Amino acid sequence: MPAGLDSREFRRVFGHFATGVTIITTADERGPAGFACQAFAPLSLDPPLVLFCPQAGSQTWQRIRRTGMFGVNVLAEGHDEVSRAFGTSGPDKFAGVDWISSPAGVPLLAGVLTWAECRVEAVHPGGDHAIVVGRVLTLGECRGAGPLLFFKGRYHAAAPVPAAAEPEVVDTLLAWPRHTDWI
């Protein structure tokens, strides 16, 4: 870290940025692998791209890199324990977790809000992490539950949104055919 910056302070400050929680998965000859990932974002509509940022030395990341394929599992509220299990290193994070294989063979966890199956498109250095860009190949159905959020070092649930609620202004703008005019 640069002089005057402390890693604990860095985490505390950016812990004020709420994130969703995903489990990034792959499978190879050794079986399924995955890790909890907050550093995930949709990147592009055309082509459909996402990004995630694993620790550069992560064994799971090395397996994903070798296979070239990964799944994004968006966790729902109540998946705190799933996130904790995949957020630690261990030999079998999939023990006791229900999952199926995607069309290309990546693990998709049961009960998630939604999922995507992706192919690694590009990898960029990002300090002690890698910045991985993936091309989305297949998208899952969306469940009606709320997301699992991480804020200030704790798990949270989003406030419920009634099904009949009017969309926010940003939703209306994104649906507008020329939404890029304001982004």
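## A bridge between two strands

L51 has V133 in β10 as its bridge partner. The strands β5 and β10 run antiparallel and are joined by four bridges. Two strands count as paired if DSSP finds at least two bridges between them. Helices (H or I, at least four residues) and strands (E, at least two) are DSSP runs, numbered from the N terminus.

## Basis of the model

The model is predicted: local features need pLDDT of at least 70, side-chain atom pairs count only at pLDDT 80 or more, and totals for chains, interfaces and linings use all residues. Residues are numbered from 1 along each chain as its sequence is written, and side-chain values use heavy atoms, with hydrogens and water left out.

## The sheet and the helix packed on it

Seven strands form an open sheet with antiparallel pairing, in the order β3-β2-β6-β9-β10-β5-β4. Because β3 and β4 (40-44) stand at the edges with a single partner strand each, one side of each has no neighbour in the sheet. On average, and with direction ignored, neighbouring strands of this sheet are turned by 35 degrees against each other. In general, strands of a sheet pair through backbone hydrogen bonds, either parallel or antiparallel.

Helix α2 packs on the sheet and touches β2, β3, β5, β6, β9 and β10. The direction of α2 makes about 55 degrees with that of β2. For such angles, axes are lines fitted to C-alpha atoms, for helices over the stretch in contact, and the angles run from 0 to 180 degrees between N-to-C directions. Contact means heavy atoms within 4.5 Å.

## Nonpolar cores

The largest nonpolar core has 14 residues, and I24, F52, I64, F70 and C118 have the most contacts inside it. Two or more residues each come from β3 (31-37), β5 (49-52), α2 (59-67), β6 (69-74), β9 (114-126) and β10 (129-139). β10 gives the most to this core, with three residues. A nonpolar core is a set of buried Ala, Val, Leu, Ile, Met, Phe, Trp, Tyr and Cys residues joined through side-chain atoms within 4.5 Å. Buried means under 20% relative accessible area, exposed over 50%, and partly exposed in between (1.4 Å probe, protein chains only).

Not counting residues up to four places away in sequence, C118 touches V50, G68, M69, F70, V72, R135, V136 and L137. A second, separate core has nine residues, among them V21, I23, F86 and V112. In soluble globular proteins, nonpolar side chains tend to be buried together.

## A buried serine

S83 lies in helix α3 and counts as buried, at 3% relative accessibility. Leaving aside neighbours within four places in sequence, S83 is in contact with V21, I23, A36, L75, L148 and Y155.

## Salt bridges

The count comes to five salt bridges, a salt bridge being a side-chain nitrogen of Lys or Arg within 4 Å of a carboxyl oxygen of Asp or Glu. The side chains of D28 and R63 form one of them, at 2.6 Å from N to O. This pair links distant parts of the chain, with D28 in strand β2 (residues 22-28) and R63 in helix α2, 35 residues apart. D28 is buried at 16% relative accessibility, and R63 is buried with a relative accessible area of 9%.

E81 forms a salt bridge with R84, where the closest N and O atoms are 2.7 Å apart. Because they are three residues apart in helix α3 (residues 80-86), E81 and R84 are separated by about one helical turn. E81 is exposed, with a relative accessible area of 55%, whereas R84 is partly exposed, at 40%.

E121 and R135 meet through their side chains in a salt bridge of 3.1 Å, N to O. The pair links distant parts of the chain, E121 in strand β9 and R135 in strand β10, 14 residues apart. E121 is partly exposed at 37% relative accessibility, and R135 is partly exposed at 24%. Salt bridges with shared partners join R119, E121 and R135 into one network.

## Cysteines

How many disulfides does the structure hold? The structure holds zero disulfides, a disulfide being a pair of cysteine sulfur atoms within 2.5 Å. The closest cysteine sulfur to that of C37 is in C53, 6.9 Å away, which is too far for a bond. C37 is buried, with a relative accessible area of 3%, whereas C142 is exposed, at 64%.
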